[in-house]
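Here is a report on helix packing, a pocket and ring pairs in one protein model. Please read it with the structure open.

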Amino acid sequence: MRHIEQRPGVTMVRTRRRRLVTSTLSGLITAALVVLLPRAVGATWTGVGAVIGRVSPGSLALLTIVWIAGLWSHSFVLAASLPGLTKRRGLTLSLTGSAVANVLPLGGAVGTALNFTMVRRWGFSSSSFGGFLAVTTLLNVASKLGVIALALGLVPILHSGSAFGSAGLLFLPVPVIVAAGVWILADERAAVSVGGLLDKAVSVVRRTRFEERLPALRRLILRLIRTGWQPMTGGMLAYLALQLALLWLCFQVLHVPLGVPVLFTALAVERLLTLVPITPGSAGVVEVGTTAALVALGGDPAGVAAGMLLFRGFTYLMEIPVGGVMLGVWSWLGRRTGRERLEAVAG
């Protein structure tokens with residue numbers, strides 16, 4: 001059978017078509033979920049709009065300050081994960097990467113590629129970025145799983161007899177994942193064993209070297225954590241506390257009082273749903289799922305829908321224009337620096 005080699009142009013066209021179809025479908029799913037949000041929890045857009053209308057300019061300013069404080073806290077984690085990175089540049093990496101990830105389907109990969117380009121332009125090596133990416137990904141996932149695991153432990157105490165009790169089963173895989181991660185980090189032999197199993201599992205599709213790479217990655221992660229665990233831990237805890245504070249304030253300014261234990265459970269649900277990248281930034285999925293959880297815990301449908309939309313307006317929507325502006329500034333500075341170097345060489 002003769003092998004027909006595809007032309008690069010044809011492959012590029014097909015790739016662009018797939019991306020266009022994926023983007024369109026993802027956008028339609030996001031729009032549908034957001035539009036149907038009130039109806040999904042037994043409210044109406046009229047009722048939700050009336051609640052959102054309670055927000056004052058002063059309240060928006062306060063929410064913005066708390067949102068920025070949370071991002072700044074997270075920049076300590078980023079700076080500690082890449083020695084030599086300033087917190088300002090860490091904040092730039094966070095917002096520009098999030099802006100891309102929140103717009104494009106599976107945009108996390110594109111955001112990572114963008115951050116790699118930025119880090120290389122700032123003079124860091126590829127291996128340094130690899131360690132940075134591994135540690136920050138691990139810490140972000142671990143922090144989300146930690147919140148979920150804590151909420152799982154509190155569900156029987158705080159929500160016994162509520163409609164949310166059975167929904168707590170959604171959290172059950174979390175302790176298994178956390179235990180597996182701790183096992184791999186604690187034992188080199190575990191990393192080798194898991195890597196070997198992964199190699200065998202995907203050998204049908206392609207050859208891999210997880211048995212070698214996973215232990216090496218483990219050593220790199222542990223080295224970075226040993227030197228920067230204090231700012232990493234402090235920054236991540238402060239970030240999570242400020243996320244919870246932002247969520248609480250969003251409901252307070254709307255005069256929709258909900259207890260901190262209920263909101264902590266809602267934050268855990270939101271963290272869980274952000275791990276499922278069905279849509280860019282899990283938009284729509286997070287709003288519907290978390291609002292449904294709050295309604296199950298006794299919240300007013302219109303009030304909790306408005307509160308979640310306000311919260312996601314900061315943690316998802318605001319990152320797009322702010323990150324886009326920062327990306328534009330970074331690109332402009334890069335072009336200006338390039339021109340200055342050319343002029344210096346020519347002179």
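## Helix α9 against helix α10

α9 passes α10 in a right-handed crossing. Right-handed here means that the near helix is turned clockwise from the far one by less than a right angle. Helices are DSSP runs (H or I, at least four residues), numbered from the N terminus. α9 spans residues 188-202 and α10 spans residues 210-253; they pack at about 145°, with axes 7 Å apart. Axes are lines fitted to C-alpha atoms over the stretch in contact, and angles run from 0 to 180 degrees between N-to-C directions.

From α9, the contact (heavy atoms within 4.5 Å) takes in residues including Glu188, Ala191 and Val202. From α10, Phe210, Leu214 and Arg218 are among them. By class, this contact has eight nonpolar, two polar and five charged residues. Ala, Val, Leu, Ile, Met, Phe, Trp, Tyr, Cys and Pro count as nonpolar, Asp, Glu, Lys and Arg as charged, and the others, Gly among them, as polar.

The model is predicted: local features need pLDDT of at least 70, side-chain atom pairs count only at pLDDT 80 or more, and totals for chains, interfaces and linings use all residues. Residues are numbered from 1 along each chain as its sequence is written, and side-chain values use heavy atoms, with hydrogens and water left out.

## Helix α10 against helix α11

α10 also passes α11 in a right-handed crossing. Their axes come within 10 Å and cross at roughly 115°. Tyr239, Leu244 and Trp248 are among the α10 residues in contact, and Val260, Phe264 and Arg271 among those of α11. The class count is eleven nonpolar, one polar and one charged.

## The largest pocket

The largest pocket has a volume of about 1300 Å³. A pocket is an open set of points on a 1 Å grid, where a 1.4 Å probe fits, with protein on both sides within 12 Å along at least five of seven lines; lining residues have an atom within 4 Å of a point. Volume is the space filled by probe spheres set on the points.

The lining has 44 residues, and Ser98, Ala101, Gly108, Asn140 and Lys144 lie nearest the centre. α7 gives the largest share, nine residues. The lining divides into 19 nonpolar, 20 polar and five charged residues.

## Aromatic pairs

There are four aromatic pairs (ring centres within 6.5 Å). In one, the rings of Trp72 and Phe76 have centres 6.1 Å apart and planes at 90°, so the pair is edge-to-face (planes over 60 degrees apart). Trp72 and Phe76 are four residues apart in α4, so about one helical turn separates them.

Definitions and conventions: Helix = DSSP H or I, 4+ residues; strand = E, 2+ residues; numbered from the N terminus. Phe/Tyr/Trp six-rings, centres within 6.5 Å; stacked < 30°, edge-to-face > 60°.
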